[in-house]
Structure formats: C-alpha cells, structure tokens
Amino acid sequence: MNTTGFLRVLAVDDEPPALDELAYHLRADPRVARLNTAGDATEALRLLRDGDVDVVFLDIRMPGLDGMELARVLRRFARPPAIVFVTAYDDGAVDAFDLGATDYVRKPVRADRLAESLRRVIGSRVVPSHPAALARAEEDPTIPIELAGTTRMLPRSAVRWVEAQGDYARLHTAEGSHLVRVSLATLAERWADAGFVRVHRSYLVQLKLIAELRLVNSGYVVVIDGTELPVSRRHTRELKDKLVRAAKQDWSR
C-alpha cells in the first residue's frame, strides 16, 4: 500500500485485462493511497457503500447498469465522488459533460494520461465532498473536446458563442474554437438556463457577452468579441426583449 498518497480511488471495468491495466497504472501513482476495483456496477456500489471514495475511474459500456447509468446514481450520493470516464469510444462524450465528469480518457490508457486525470481531480475538487466544490461543478459543467488525440474538459463558462456545423457544433472561446459531436438544438435546450440564446438557426450566443445589436442592410447582427453574427428575423424580437430585460436587471441591482 502506498503510504504517501491521499486519494481513495475506485476503478470499474467489466473486462479483466482492461481493469488490470488501469489498476496497474493507478497503483503506480504516488497520489493514490487506496485503490479498489470492481467488475460491474453492482460490485462498485457495494464498495462505495462500505467506504468513502474520492474518484471513480469508470468504463461506459458494461452489461447491466452501464457506466453512464452508474454515474447518474453516484451524483445523487450525499458525498458524490469525482467521475473519470475511461472508454474505447467517443460517442459518450456529450453525456459525460452533462454529468459533470472531471475527465474523459480514451483506451488504451497511458500512465501519463491517467496522471493528468488525477491532477485534474485534485485541482477541480480539492475537497470532493465540500458543498462549495459541488456547487461550482453544477454551475459550470465541462465539455469534452479533442485536442491532438487527447480529450480535454472545457468549462462551459469559456464558451462565447456556438456555431452549427451539420450534426456537430463549433464552440468558440477567447483562445480558439473546438468541434464537438452535439447538435446546436441540443445545446440551446441544455444551456438556456446558463444565458445562451438562439439568434439564428446556425448560432447560439451568450447573452451577457453581446456588445451590440446592430441593424445592417441584410438585417440585424450581434457583435461578440468584435465578430458579427447574423440574427434571423424570427429571433429578432425575442432577442431584443431579452436584452432589454437583462439591462433592466443590471440597472436595478
């Protein structure tokens, strides 16, 4: 047992070779104090009931209760652990950010990639069960994005506006843009409560970041970070109303 570590970790995978490899790399990390393994969700829940866990490394595709379903159960715990999904597939990435996953690691796992996941767990949830940490995770969920073959978790608060590209969406931030496998309509529904508004069939913007609503020859545009984005006629009235209401709220504070 590693006596210098402090993280209590649970690894869950129904494939023994994959679980053994994951456990091997986690045990080798000096930050891991205790590691338990489970071959399915039922065994994982039993281990979670018997002792506190800081982070669960969780496979997605498992028989019975799969990884996503187990993660939803864990979110209802009074002291929920951080979740890191470990999977050979990328089609669960959208659901992963909805569940507030700390990271999304592709198989085959590498020691340096798991080390980065543990760093993120420690950085984002210094005290995993602290109410303030949980509130921050709920208020600012993360979105998994692919960068040079590595899945990173982008905070929703970094997104300035979103552009539809077929069945995908391009998230624009102050530093650049990222393509994710989720439709604009889905994001518009999920992010409405966070201040994102639809201004066009191809654009979703953060309302508070709109610098201007400008009338041009072809109609209205909004300006965000110096970029002009078109506003469709069907969204113009609603957008104006929302901008007026937002301004009134700011003045009344």
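Q: Where does Ala-211 sit?
A: Ala-211 is in the loop that links β12 (203-206) and β13 (212-216). Helices (H or I, at least four residues) and strands (E, at least two) are DSSP runs, numbered from the N terminus. By the way, this is a predicted model: local features need pLDDT of at least 70, side-chain atom pairs count only at pLDDT 80 or more, and totals for chains, interfaces and linings use all residues. Residues are numbered from 1 along each chain as its sequence is written, and side-chain values use heavy atoms, leaving out hydrogens and water.

Q: Ok, is Ala-211 buried or exposed?
A: Exposed, because the relative accessible area of Ala-211 is 60%. Buried means under 20%, exposed over 50%, and partly exposed in between (1.4 Å probe, protein chains only).

Q: New topic: what does UniProt place at Asp-59?
A: An unreviewed UniProt entry puts "modified residue: 4-aspartylphosphate" at Asp-59. UniProt positions follow the numbering used here, feature names are shortened, and annotations may be inferred rather than shown by experiment.

Q: And is Asp-59 buried or exposed?
A: Asp-59 counts as buried, because its relative accessibility is 5%. Asp-59 lies in the loop between β3 (55-58) and α3 (67-75).

Q: Which residues is Asp-59 in contact with, leaving aside neighbours within four places in sequence?
A: Among them are Asp-13, Asp-14, Thr-87 and Lys-107. Contact means heavy atoms within 4.5 Å.

Q: What's the strand order in the open sheet of five strands?
A: β2-β1-β3-β4-β5, with parallel pairing. Two strands pair if DSSP finds at least two bridges between them.

Q: Which are the edge strands?
A: β2 (32-38) and β5 (103-106), each pairing on one side only.
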